[in-house]
Amino acid sequence: MASSLLSRTLLGHRLSQFSSSLTHKPLIFSSLFNKRQLCVQAEPTYTPYKTSGRPYRFMASSAIDRRTNFSMQSLSTNDPVVSVDWLHANLREPDMKVFEFIYGPGTLSKHMLSHSCYFLEFEVMVVMYDIMVLDASWYMPDEQRNPIQEYQVAHIPGALFFDVDGIADRTTKLPHMLPSEEAFAAAVSALGIQNNDGLVVYDGKGIFSAARVWWMFRVFGHDRVWVLDGGLPRWRASGYDVESSASSDAILKASAASEAIEKVYQGQTAGPVTFQTKFQPHLVWTLDQVRRNIEEKTHQHIDARSKPRFDGAAPEPRKGIRSGHVPGSKCIPFPHMLDASQTLLPADELEKRFQEEGISLEGPVVTSCGTGVTACVLALGLHRLGKSDVAVYDGSWTEWGAQSDTPVDTSL
């Protein structure tokens with residue numbers, strides 16, 4: 001399904017940004033590779049261009065060699081989610097590709113014409129890639145739900161199953177911990193994923209375990225990954241079709257991914273690797289880092305568990321785990337990132353939620369939860385606010401609360 005990465009460097013083009021009152025002019029990018037033109041016409045929703053710092057990015061979907069309309073705002077790669085409407089529209093295009101326009105530093109100048117018009121001298125790279133859809137559903141043990149069985153009953157057409165418990169570290173008793181680079185590469189390669197693929201991840205609750213898989217790919221250096229806003233419930237509520245049985249190929253790939261993980265941890269060769277990892281250590285924290293942070297206070301620590309569990313008033317769902325929280329941490333339960341339909345809140349509302357708990361968006365943040373799943377929902381919300389460097393304590397409270405020598409505070 002995945003195609004080879006196609007990059008185009010376009011030099012010396014002028015991009016004009018017109019006010020919405022003007023006729024919408026198409027933006028034409030000439031490919032230096034195949035001498036064809038990619039014509040994209042923008043909707044009257046615009047995003048300002050940055051001319052310094054890291055490159056500004058937005059993406060547009062298109063069937064290859066066709067002309068298309070798109071919204072730069074709704075498909076910005078700076079936002080960690082995509083809508084069910086966008087995914088549904090693109091699933092209907094069998095030859096759909098995603099074009100990502102990456103703008104390097106440039107010079108901005110303003111010319112007073114009949115209306116405000118900005119011209120930017122820039123360097124543009126156009127990257128084209130396929131989109132793959134992953135069902136990353138996972139549930140708490142006491143929910144007694146089987147994600148692979150539910151996947152076989154109903155999933156988004158063409159989606160593959162990503163086993164959160166299976167694609168995990170096999171050397172620890174802690175649940176679904178981050179696997180080694182080699183193990184992760186082997187597992188996702190068995191699923192047929194390549195580095196030049198874009199990924200849309202969803203789950204059966206709305207935004208829950210999909211955020212964990214979004215974070216996992218980013219830890220291993222893959223940034224072209226998005227969470228489906230509202231997940232499978234939103235998809236079905238929108239009236240979109242689901243597949244009621246999985247293809248033999250999808251089941252074989254899920255099984256192959258589990259086998260590949262097992263082989264790596266047994267020291268065996270797992271098979272051809274199509275996905276190369278690039279570990280991002282700043283995105284994952286260990287118990288020792290959390291322990292040091294209690295004294296050094298370099299990072300603001302946010303706990304995504306419920307307030308009763310954080311306070312120590314409610315027992316932990318896993319046996320042998322003390323109740324309470326890491327000293328100095330603050331509680332923002334992960335549902336506070338979502339609206340009633342289980343979609344991610346707008347940026348202004350997210351910012352308010354963090355400010356109410358005394359979290360400075362200017363300072364570094366580490367998140368935790370019970371087992372490292374819903375901590376990633378907090379990281380997802382912070383990413384929408386421009387904080388792409390949020391660390392997640394992988395072992396979270398299941399590791400911390402099980403130790404005899406880790407300090408625990410309660411609010412009782």
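What covers the buried residues of helix 6? The cover includes helix 2 (147–153), strand 11 (160–161) and helix 3 (181–190), where contact means heavy atoms within 4.5 Å. The structure is a predicted model, in which local features need pLDDT of at least 70 and side-chain atom pairs count only at pLDDT 80 or more, while totals for chains, interfaces and linings use all residues. Residues are numbered from 1 along each chain as its sequence is written, and side-chain values use heavy atoms, with hydrogens and water left out. Helices (H or I, at least four residues) and strands (E, at least two) are DSSP runs numbered from the N terminus.

Ala 250, Ala 254, Ala 257, Ala 260, Ile 261 and Val 264 of helix 6 are buried. They cover an arc of only 120 degrees around the axis, which places them on the same side of helix 6, the arc being that of the directions from the helix axis to the C-beta atoms. Such a pattern has a simple background: an α-helix has 3.6 residues a turn, so residues three or four places apart point the same way. Ser 248 and Leu 252, on the other side of helix 6, are exposed. Here buried means under 20% relative accessible area, exposed over 50% and partly exposed in between, with a 1.4 Å probe and protein chains only. Just after helix 6 comes Gly 267, with a positive phi of about 80 degrees.

Helix 3 tells a related story. Seven of its 10 residues are buried, so helix 3 is largely enclosed by the rest of the structure. The buried residues of helix 3 are Ala 183, Phe 184, Ala 185, Ala 186, Ala 187, Val 188 and Ser 189, and their cover includes helix 4 (209–219) and helix 6. Gly 192 follows helix 3 and has a positive phi, near 90 degrees.

Attention now turns to the aromatic rings. A search of the whole structure finds 10 aromatic pairs; rings of Phe, Tyr and Trp (its six-membered ring) pair if their centres lie within 6.5 Å, with planes under 30 degrees apart counted as stacked, over 60 as edge-to-face and the rest as tilted. The rings of Phe 184 and Phe 217 have centres 5.1 Å apart and planes at 75 degrees, so this pair is edge-to-face. It links distant parts of the chain, with Phe 184 in helix 3 and Phe 217 in helix 4, 33 residues apart. Both Phe 184 and Phe 217 are buried. With Phe 220, Phe 184 forms a stacked pair, because the ring centres are 4.4 Å apart and the planes at 25 degrees. Phe 220 lies in the loop between helix 4 and strand 13 (225–228), so this pair ties helix 3 to a part 36 residues apart in sequence. Phe 184 has 0% relative accessibility, and Phe 220 has a relative accessible area of 1%. Phe 162, Phe 184, Phe 217, Phe 220, Phe 275 and Phe 279 form one aromatic cluster.

Strand 17 (residues 365–368) is covered on both faces, with Val 365 and Thr 367 buried on one side and Val 366 and Ser 368 on the other.
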